[in-house]
Amino acid sequence: VMPHGLRVRCSTERLVSGPYVDMTRTVMAGFGVAVVEEAGTWTVPSGGYRAARWAVEPDAATANYLLT
């Protein structure tokens, strides 16, 4: 637990993994943590997650190992 929250700043102009950051923010919001993005900086407030139902889509990307 971080009593003062967390701030992360990106030091590059273009964040290649932007979609993954967005996906992570969406999941965090689903569990009660609102991440604020402003000018390449993400701020996570202090506190914690709350229980929630979350549907996880199956990922069959690695299933081809079983087929070869």
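This is a predicted model: local features need pLDDT of at least 70, side-chain atom pairs count only at pLDDT 80 or more; totals for chains, interfaces and linings use all residues.

Guide: Residues are numbered from 1 along each chain as its sequence is written, and side-chain values use heavy atoms, with hydrogens and water left out.

Visitor: Sheet first. In what order do the strands sit?
Guide: The order is E1-E3-E2, in an open sheet of 3 strands with antiparallel pairing. Strands here are DSSP runs (E, at least two residues), numbered from the N terminus. Two strands pair if DSSP finds at least two bridges between them.

Visitor: Which are the edge strands?
Guide: Strand E1 (6-9) and strand E2 (36-38), as each pairs on one side only. Neighbouring strands are turned by 20° against each other on average, direction ignored. The axes are lines fitted to C-alpha atoms, and angles run from 0 to 180 degrees between N-to-C directions.

Visitor: How many bridges join E1 and E3?
Guide: E1 pairs with strand E3 (residues 41-44) over 4 bridges, in the antiparallel sense. Leu-6 has Val-44 as its bridge partner in E3.

Visitor: And Thr-41, buried or exposed?
Guide: Thr-41 is buried, at 15% relative accessible area. Buried means under 20%, exposed over 50%, partly exposed in between (1.4 Å probe, protein chains only). Thr-41 lies in strand E3.

Visitor: What is Thr-41 in contact with?
Guide: Beyond its neighbours within four places in sequence, Arg-7, Val-8, Arg-9 and Val-36. Contact means heavy atoms within 4.5 Å.

Visitor: Where does Ala-39 lie?
Guide: In the loop between E2 and E3. Ala-39 is exposed, with a relative accessible area of 78%. Its phi is positive, about 55°, although Ala-39 is not a glycine. Most residues other than glycine have a negative phi.

Visitor: New topic. What volume has the largest pocket?
Guide: About 200 Å³. A pocket is an open set of points on a 1 Å grid over the protein atoms alone, where a 1.4 Å probe fits, with protein on both sides within 12 Å along at least five of seven lines; lining residues have an atom within 4 Å of a point. The volume is the space filled by probe spheres set on the points.

Visitor: Which residues are closest to its centre?
Guide: Of 14 lining residues, Val-33, Val-44, Pro-45, Gly-47 and Gly-48.

Visitor: And what lines the second largest pocket?
Guide: Met-23, Thr-26, Val-27, Trp-54, Ala-55, Val-56 and Glu-57. That pocket holds about 150 Å³ of space.
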